[in-house]
Amino acid sequence: MTGGAGFIGANFVLEYLALTENSRVINLDKLTYAGNLSSLAAYSSDPRHIFIKGDIADRALLASLLEEHRPSAVINFAAESHVDRSIHAPEAFVQTNVMGTFNLLESVRVYWQALGEAEAAEFRFLHVSTDEVYGSLTMDEPAFTERHPYAPNSPYSASKAASDHMVRAYHHTYGLPVLTTNCSNNYGPLQFPEKLIPLIIHNALAGKSIPLYGDGENIRDWLYVGDHCSAIRAVLDKGRLGEVYNIGGNYEKSNLDIVHTVCDILDELLPESSHRPHKSLIKFVSDRPGHDRRYAIDPTKIATEIQWQPKETFESGIRKTVTWYLENQSWVEQIVSGEYQNWLAENYGERG
Ligand code: NAD
Ligand code: DAU
């Protein structure tokens, strides 16, 4: 797998190794600001987890890793993933999400074409993508199905859309056995506090303002990260080659509702906090340029073809998440370093 030191990738590694006994994970990650090896500390000396620091665009490295470890599947989590960063500095998004995915596909194609018949038939390339490739919905439009036209609106979503198209092309042109998943907003443990939910918790604990972009009425569909990981395992096992599966939590909420929910849980769990009620920290700031209004996922295909359903409700998942952050402040503290402070100044300094 690639990107296994990031938020979803690390959750995937932890769950996968806990669930299987004889499988090995070869984890290739560049360790950008978003990658954090301490998330994987539980498996740092386990021979079933082999970590390699490197770039998915490095074809020589990929060729040698594929040759040495001979994986039966490659799962591509690695990406630049934050929309606001893609607005400030889009080039890294094109480099990793487009060129990186292309180089990974090329390396995997060469490896797969040299496999014996049985191994080649078993092999899978699973590409982890996002619902943002479909663009924005109005309030009364139906949720995204897998047939919804692509209409990406940010440099991030455009770069992910490009990567999805390359994955599709490698299936249709070369027969590479690919699967693509397009998932909605994830939340849960180990998420970098640049994203909305961990940012709310981080700022609220420090008594800092909680920035809401625009009117706070933008809508996202929220899915607990463990459910995203179980969906990926299910698609890997049962997905039809060349197919796309949308993954979602059936939980559409406005950002304002999300912030209120998290603040209420913090009020309850921290009765002694001098920042209560945490809602009083909410500050409306200028909007994200090109801010998509609404995302919603129609999960019918994965539910009916693969029998996948999320286990966590938002109510149970968000409580677990807030509790995890309260109990793992040291994890947060070690990553909110100089680079993070620079990012806060760059993104929020100008919003007023
Ligand atoms: P993240 O930013 O937390 O982690 C990304 C990881 O990729 C980091 O460990 C980083 O070091 C690594 N990486 C970046 N560039 C790399 C490169 N060139 N080579 C190797 N490694 C590199 O991201 P995430 O939130 O865990 O998202 C993982 C994947 O899931 C991404 O492809 C993202 O587009 C997709 N996705 C995310 C969400 C979400 O809500 N977070 C929802 C749907 C889909
Ligand atoms: O939909 C899937 C996508 O979800 C993934 O592909 C992305 O990798 C992931 O980052 C996420 O994208 P969003 O842009 O939806 O997530 P983010 O947490 O940045 O923002 C969620 C919403 O909250 C969005 O409407 C913007 C708003 N927001 C965000 C931040 C960071 C605020 O109002 N204030 C903030 O400070």
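Start with the shell around ligand 1: strand β4 gives the most to it, three residues. Helices (H or I, at least four residues) and strands (E, at least two) are DSSP runs numbered from the N terminus. This is a predicted model, where local features need pLDDT of at least 70, side-chain atom pairs count only at pLDDT 80 or more, and totals for chains, interfaces and linings use all residues. Residues are numbered from 1 along each chain as its sequence is written, chains are lettered from A and ligands numbered from 1 in the order in which they are written, and side-chain values use heavy atoms, with hydrogens and water left out.

**Stop 1: ligand 1**

Select the 28 residues around ligand 1; I8, D29, S81, Y156 and K160 come nearest. A residue is near if one of its heavy atoms lies within 4 Å. The shell has 12 nonpolar, 12 polar and four charged residues. Ala, Val, Leu, Ile, Met, Phe, Trp, Tyr, Cys and Pro count as nonpolar, Asp, Glu, Lys and Arg as charged, and the others, Gly among them, as polar.

Now show the backbone. A polar backbone atom of G6 is 2.9 Å from an oxygen atom of ligand 1. For a backbone N or O atom of T32, the distance to a ligand 1 oxygen is 3.0 Å. For F77 it is 3.1 Å, again from a backbone N or O atom. The protein covers 96% of the 840 Å² of accessible area that ligand 1 has on its own (Shrake-Rupley method, 1.4 Å probe). The elements giving two or more residues to this shell are α1 (7-19), β4 (124-130), α6 (155-174) and β6 (185-187).

**Stop 2: helix α1**

Stay on α1 and pick F12 and Y16, four residues apart, about one turn of the helix. Their rings are stacked, 5.7 Å centre to centre with 10° between the planes. Aromatic rings pair if their centres lie within 6.5 Å, and planes under 30 degrees apart count as stacked.

**Stop 3: ligand 2**

Move to ligand 2. Of the 25 residues around it, T130, D131, Y156, R288 and Y348 come nearest. Show side chains: a polar atom of T130 lies 2.7 Å from a ligand 2 oxygen, and an N or O atom of Y156 is 2.6 Å from an oxygen of ligand 2. L196 uses a polar backbone atom, 2.8 Å from a ligand 2 oxygen. Alone, ligand 2 exposes 690 Å², and the protein buries 95% of that.

Key:
Polar contact = N/O pair within 3.5 Å; in protein donor to acceptor, adjacent residues only side chain to side chain. Phe/Tyr/Trp six-rings, centres within 6.5 Å; stacked < 30°, edge-to-face > 60°.
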